[in-house]
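Take a moment to look over the sequence and the model.

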Amino acid sequence: MPDRPGTAAAAAAPDGTALLAATPDRMRGALGHFASGVTVVTTATEGPDGPHAHGMTANAFTSVSLEPPLVLVSISTRARSHRRIDDSGRYGVSILGAEQGPVAHHFAGGAQSPEAVSLEWRDGLPLVGGALVHLACRVRQSHRAGDHTLFVGEVEGLWLGSGGPLVHYRRDLRALAGPAPTPAGDPGAVSVRDQAPAPAPVPTQAPAAAPVPDRAPARTPEPTAVREHAPHQAPAPAPVPTQAPAPRRDPNHGTDREERPAHAR
């Protein structure tokens, strides 16, 4: 008699292994197979000597809506940034570029690289210099979900950079090559290298025929063939790698989402 759905035999994996409980370590390992971008979520608090910047590395970031423009970040209730965002009601998101692996580790509590971190203040929020995208957000809703809070923010300011992204996959950071640059100031412009060359002009009349000599020229010895590189033709460029390895450290492993105060660097 065949097993009915829901029995232990039906629930077993095809290779016969038993299903595993979704423990935190197994969840982290399983969800690490979902490749994602890497961001630094920042906010500011008021101090006696002015505003202080705080940041943390996070890949739990997603778009929610285009009209109105809403995004979401998921912050652990144990992280200091949780209280700071809850108090200030605002946060910034910096989507990191391919070369910003040290920045991700720095704000994840890993290897400290203060020389790799620069901040830009925009609309009252600190943002990571050199990032691909800057978003300035105001919290519109917050939802407690287990040991995290989902902060839904309305995007009040947006700034675009250029280049390839930094990607998190299976506890590792990887760099992806970016698209060909387009003319500045026009995100919809077509790169010169993508345009077809203009056709050669068609002459309005055929050129005059060369005069025919009265006698055939004297025959010269046929030269020996020599392989040459055409001076007007550049050698083919070396292939650009699609990704480059980054330091093997998971920014969300170990000190998960524990931020470092940016103002202290």
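**Starting from a loop**

D123 sits in the loop between β7 and β8. Strands (E, at least two residues) and helices (H or I, at least four) are DSSP runs, numbered from the N terminus. This is a predicted model, in which local features need pLDDT of at least 70 and side-chain atom pairs count only at pLDDT 80 or more, while totals for chains, interfaces and linings use all residues. Residues are numbered from 1 along each chain as its sequence is written, and side-chain values use heavy atoms, with hydrogens and water left out.

Look at the backbone of D123. Its phi is near 55 degrees, a positive value in a residue other than glycine. Most residues other than glycine have a negative phi.

Buried means under 20% relative accessible area, exposed means over 50%, and partly exposed lies in between (1.4 Å probe, protein chains only).

Now turn to the side chain. Which residue forms a salt bridge with D123? The partner is R90, and the closest N and O atoms are 3.0 Å apart. A salt bridge is a side-chain nitrogen of Lys or Arg within 4 Å of a carboxyl oxygen of Asp or Glu. R90 lies in strand β6 (residues 90–95), and D123 in the loop between β7 (119–122) and β8 (125–128), so the pair ties together parts that are 33 residues apart in sequence. R90 is buried, with a relative accessible area of 13%.

Move along to β9 and β10. R138 and E156 meet in a salt bridge through their side chains, at 2.9 Å from N to O. R138 is in strand β9 (residues 133–145) and E156 is in strand β10 (residues 148–160), so this pair ties together parts 18 residues apart in sequence. Both ends are partly exposed: R138 has 30% relative accessibility, and E156 has 37%.

R140 and E154 also meet in a salt bridge, at 2.8 Å from N to O. Here too the pair links distant parts of the chain, with R140 in strand β9 and E154 in strand β10, 14 residues apart. R140 is partly exposed, with a relative accessible area of 45%. E154 is partly exposed as well, at 23%.

How are R90, D123, R138 and E156 joined? Salt bridges that share partners make them one network. Across the whole structure, a search finds six salt bridges.

Two strands count as paired if DSSP finds at least two bridges between them. S63 stands opposite V71 in β5. β4 and β5 form a hairpin with four residues between them.

P68 is found in the loop between β4 (61–65) and β5 (70–76). The peptide bond from E67 to P68 is cis, with omega near 0 degrees. Most peptide bonds are trans.

Finally, step back to the chain as a whole. Its secondary structure comes to four helices and 13 strands. Of the 265 residues in the chain, 32% are buried. Among contacts (heavy atoms within 4.5 Å) between residues at least 6 apart in sequence, 65% join residues at least 24 apart. The chain exposes about 17,600 Å², and carbon and sulfur atoms supply 57% of it. Accessible areas come from the Shrake-Rupley method with a 1.4 Å probe; for residues, only the protein chains shown count as cover.
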